[in-house]
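This briefing describes a single protein chain for a reader working with computed coordinates.

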Amino acid sequence: MSEIPVHPRPRRLSDWINPMEARKVHSLIDKVYQRKNLEVAWERVRANRGSGGVDGISVADFAEQAGQHLDRLQAELRARTYQPQPVRQVSIPKVGKPGEFRKLGIPSIYDRVCQQALLNRLEPIFEPVFDEANFGYRRGRSTHDALRKIWKEIESGREWIVDADLKDFFGSVEHDKLLSLVAQRIADGRVLGLIKAMLKAGSFGKGRLFPSERGTPQGGVATPRTMLHTFRSVV
């Protein structure tokens, strides 16, 4: 369900991402690897806890040498030598669907900090583009807010609620199309290259490495909340 727009919506995908041809952000990578931003990113990752990735390093392990890890990450991002590791592939049962499983890709803590640092800088750029009736993967919004919105619409006289889902959405996103949409607002090639590296990192499970030709793993920080929201906001 979506609110009735006050003004006509642009039809081209690029117009959704860059309405009125707003100025693109050209220099962003230096803000991503800014030490304070990396520290904030690490604190958010630590607060969210979660398990470690393919390198076996836990949040507690990372915390013991956090300063050294952040120094290394900052140096690699500045020198363009950072390379994300494959995500650890995990399957969890789907709620209410016996026998069906959802694949999660768990990045290493190191990569998760990098993703969070990237998200900290991308979120303010893309957040204004998202529809006011969109609640998924947005900071400060929850399913309870969505339910309140639905109830408000019902009280105002609405009679229909449409419930739809895109089959295998996370697993079918085309990388090139996603990057072209992000590039409508981000002109910093180093940031685009960083996003591409995250998308192409692959996954490791059952003793083998699986390449990432399309889609993005659920379980990371930046991919569903910002990069995939670029797609979902235009659907």
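**Briefing on the predicted model**

F210 counts as partly exposed because its relative accessibility is 22%, where buried means under 20% relative accessible area, exposed over 50% and partly exposed in between (1.4 Å probe, protein chains only). This is a predicted model, in which local features need pLDDT of at least 70 and side-chain atom pairs count only at pLDDT 80 or more, while totals for chains, interfaces and linings use all residues. Residues are numbered from 1 along each chain as its sequence is written, and side-chain values use heavy atoms, with hydrogens and water left out.

**Overall composition**

- The chain contains eleven helices and four strands; helices (H or I, at least four residues) and strands (E, at least two) are DSSP runs numbered from the N terminus.
- Of the 235 residues in the chain, 41% are buried.
- Among contacts with a separation of 6 or more, 75% are between residues 24 or more positions apart, a contact being heavy atoms within 4.5 Å.
- The chain has an accessible surface of about 14000 Å², and carbon and sulfur atoms hold 53% of that surface; the areas come from the Shrake-Rupley method with a 1.4 Å probe, and for residues only the protein chains shown count as cover.

**Nonpolar core**

- The largest nonpolar core comprises 39 residues, and W42 and I186 have the most contacts inside it; such a core is a set of buried Ala, Val, Leu, Ile, Met, Phe, Trp, Tyr and Cys residues joined through side-chain atoms within 4.5 Å.
- Two or more residues of this core come from each of α2 (29–32), α3 (35–48), α4 (59–64), α5 (66–79), α6 (109–126), α8 (169–172), α9 (175–182) and α10 (189–199).
- Helix α6 makes the greatest contribution to this core, with nine residues.
- Beyond its neighbours within four places in sequence, W42 touches V59, F62, A63, A66, L70, I109 and V113.

**Cavity**

- One cavity of 30 Å³ or more is present in the structure; on a 1 Å grid over the protein atoms alone, a cavity is a set of points where a 1.4 Å probe fits but cannot get out.
- The volume of the largest cavity is about 80 Å³, a volume being the space filled by probe spheres set on the points, with grid points joined across faces, edges and corners.
- Eleven residues line the largest cavity, and V87, P107, Q115, M198 and P217 are the ones nearest its centre; lining residues have an atom within 4 Å of a point.
- This lining consists of six nonpolar, four polar and one charged residues; Ala, Val, Leu, Ile, Met, Phe, Trp, Tyr, Cys and Pro count as nonpolar, Asp, Glu, Lys and Arg as charged, and the others, Gly among them, as polar.

- F210 belongs to strand β4 (residues 208–210).
- With neighbours within four places in sequence set aside, F210 is in contact with Q89, G202, S203 and G205.
- A distance of 8.6 Å separates the C-alpha atoms of F210 and P86, which are 124 residues apart along the chain.
- K206 sits in the loop between β3 (203–205) and β4, and its phi is positive, at about 55 degrees, although K206 is not a glycine.
- K206 is exposed because its relative accessible area is 84%.

**Other individual residues**

- R49 lies in the loop between α3 and α4 and also has a positive phi, of about 60 degrees, without being a glycine.
- With a relative accessible area of 65%, R49 is exposed.
- I195, in helix α10, is buried, with a relative accessible area of 0%.
- The C-alpha atoms of I195 and L178 are 9.9 Å apart in space, and the two residues are 17 residues apart in sequence.
- D168 occupies the loop between α7 (143–155) and α8, and D168 is exposed at a relative accessible area of 52%.
- From D168 to R102 the C-alpha distance is 9.9 Å, across 66 residues of sequence.

Definitions and conventions:
1 Å grid on protein atoms, 1.4 Å probe; cavity = no way out; pocket = protein on both sides within 12 Å on 5 of 7 lines; lining within 4 Å.
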